[in-house]
Amino acid sequence: MFRILDLQEAVRPRGWPDHVDIAIPVDIESENGETWDQYLLEVKGGAAQIAKAHTAGEVRLTRWQLTVWYAGGYRTATAARLARVDARSEAALKRLMCTTEYEPWLPDHF
């Protein structure tokens with residue numbers, strides 16, 4: 001089982017494609033599942049950050065979908081659509097999915 005507890009700290013060290021340069025607003029389901037939080041995801045030069053925003057997201061991810069995206073599980077926009085990821089446009093979904101080129105490497109702690 002995989003769960004993201006601290007989104008900002010998870011995104012920063014993950015590893016991202018060097019050639020990707022995007023800034024995309026995303027809505028992410030809150031921990032309690034009752035509301036949606038707005039963030040701005042910025043990926044540039046192999047680094048990323050995500051911060052709270054006040055702009056409606058171009059893509060909306062449930063907590064489960066967020067984890068799958070983070071782990072590189074959506075290789076294409078089509079795969080994300082099949083998993084019911086909601087996006088305002090196909091272009092927005094493709095922009096977000098271009099970040100999944102690299103799978104994260106995380107040490108195991110048991």
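Here are a few notes on this predicted model, point by point.

1. Ground rules: residues are numbered from 1 along each chain as its sequence is written, and side-chain values use heavy atoms, with hydrogens and water left out. Because the model is predicted, local features need pLDDT of at least 70 and side-chain atom pairs count only at pLDDT 80 or more, while totals for chains, interfaces and linings use all residues.

2. Confidence comes next. The protein's mean pLDDT (the predictor's confidence in each residue, from 0 to 100) is 88, with 91% of residues at 70 or more.

3. Strands β2 (residues 36-44) and β3 (residues 47-52) pair in the antiparallel sense over six bridges; pairing takes at least two bridges found by DSSP. K44 has A47 in β3 as its bridge partner. Two residues lie between the strands, and G45 takes a positive phi near 60°.

4. What does the charged end of R14 sit over? It sits over the ring of W16, 4.4 Å from the centre. R14 also lies over the face of Y70, at 5.4 Å from the ring centre. The rule here: NZ of Lys or CZ of Arg within 6 Å of the ring centre and within 35 degrees of the ring normal.

5. Finally, T62 is in the loop between β4 and α2 (63-70). Leaving aside residues up to four places away in sequence, T62 touches E29 and W36 (contact means heavy atoms within 4.5 Å). T62 and G33 are 29 residues apart in sequence, yet 8.2 Å apart in space, C-alpha to C-alpha.

Note on methods:
Helices (H or I, at least four residues) and strands (E, at least two) are DSSP runs, numbered from the N terminus.
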